[in-house]
Amino acid sequence: MQIDWANFTPWSAAAGGVAIGLAAGLMILLLGRIAGISGIVAGLLQPIKGDAAWRLAFVLGLVASAAFLRLLGAVQTPIFDIGYGATILAGLLVGFGARLGGGCTSGHGVCGLSRLSPRALAATAAFMTSGALTVFILRHIMG
């Protein structure tokens, strides 16, 4: 395996991490809510009265910020080596895993670990191990 140094962008990755950390911190401090995307979206799919506005604003902010960066030319178009069917299947499997794990990487990995949650540590370890095994199997055994 080699690192693509021409496209290695540690500064933008660090800035993104800081932005995610600030957003998660502000959300827990100001709203008392965990910034887990799967939980936020799940709350939109089964709304509770008076609870949908902040969830919708959060999701729209995610989409709007990506669209804004795209307009600025700061985002490159991703290139997928697999077809749409495999991409859709992967997305469904990630959604299933997030539901099965009681949250997603943002909820467990960012918010849960920062609160020293043992459950979040176990979930994040499971996410990371599953991801590493999947890449290993696809690239070195099947690939």
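Helices are DSSP runs of H or I, at least four residues long, numbered from the N terminus. The model shown in these views is predicted.

**View 1. Overall fold of the chain.** The chain holds six helices and zero strands, so that from the N terminus on the elements read α-α-α-α-α-α. The C-alpha trace spans about 50 × 35 × 30 Å along its principal axes. Of the 143 residues in the chain, 15% are buried. Among contacts between residues at least 6 apart in sequence, 32% join residues at least 24 apart.

**View 2. The largest pocket and its lining.** The volume of the largest pocket is about 930 Å³. The pocket is lined by 28 residues, of which A90, L93, V94, G131 and T134 are the closest to its centre. Helix α4 contributes ten residues, the largest share of the lining. At least two lining residues come from each of α2 (37-45), α4 (84-100) and α6 (118-141). By residue class, the lining consists of 16 nonpolar, ten polar and two charged residues.

View 3. R55 belongs to helix α3, which covers residues 52-71. Its relative accessible area is 10%; R55 therefore counts as buried, because the cut-off for that class is under 20%. A polar atom of the R55 side chain lies 3.4 Å from the backbone oxygen of I40. Leaving aside residues up to four places away in sequence, R55 touches R33, G39, I40, G43 and L44.

**View 4. L116 in the loop between α5 and α6.** L116 sits in the loop that links α5 (105-114) to α6. The phi angle of L116 is near 60°, a positive value in a residue other than glycine. The relative accessibility of L116 is 73%; L116 is classed as exposed because this value is over 50%.

Technical notes
Residues numbered from 1 in each chain as written. Predicted model: local features only at pLDDT ≥ 70, side-chain atom pairs only at ≥ 80, totals over all residues. Heavy atoms only, no water. Buried < 20%, exposed > 50% of the residue type's maximum accessible area, 1.4 Å probe, protein only. Polar contact = N/O pair within 3.5 Å; in protein donor to acceptor, adjacent residues only side chain to side chain. Contact = heavy atoms within 4.5 Å. 1 Å grid on protein atoms, 1.4 Å probe; cavity = no way out; pocket = protein on both sides within 12 Å on 5 of 7 lines; lining within 4 Å. Points joined across faces, edges and corners; volume = space filled by probe spheres on them. Nonpolar A, V, L, I, M, F, W, Y, C, P; charged D, E, K, R; others polar.
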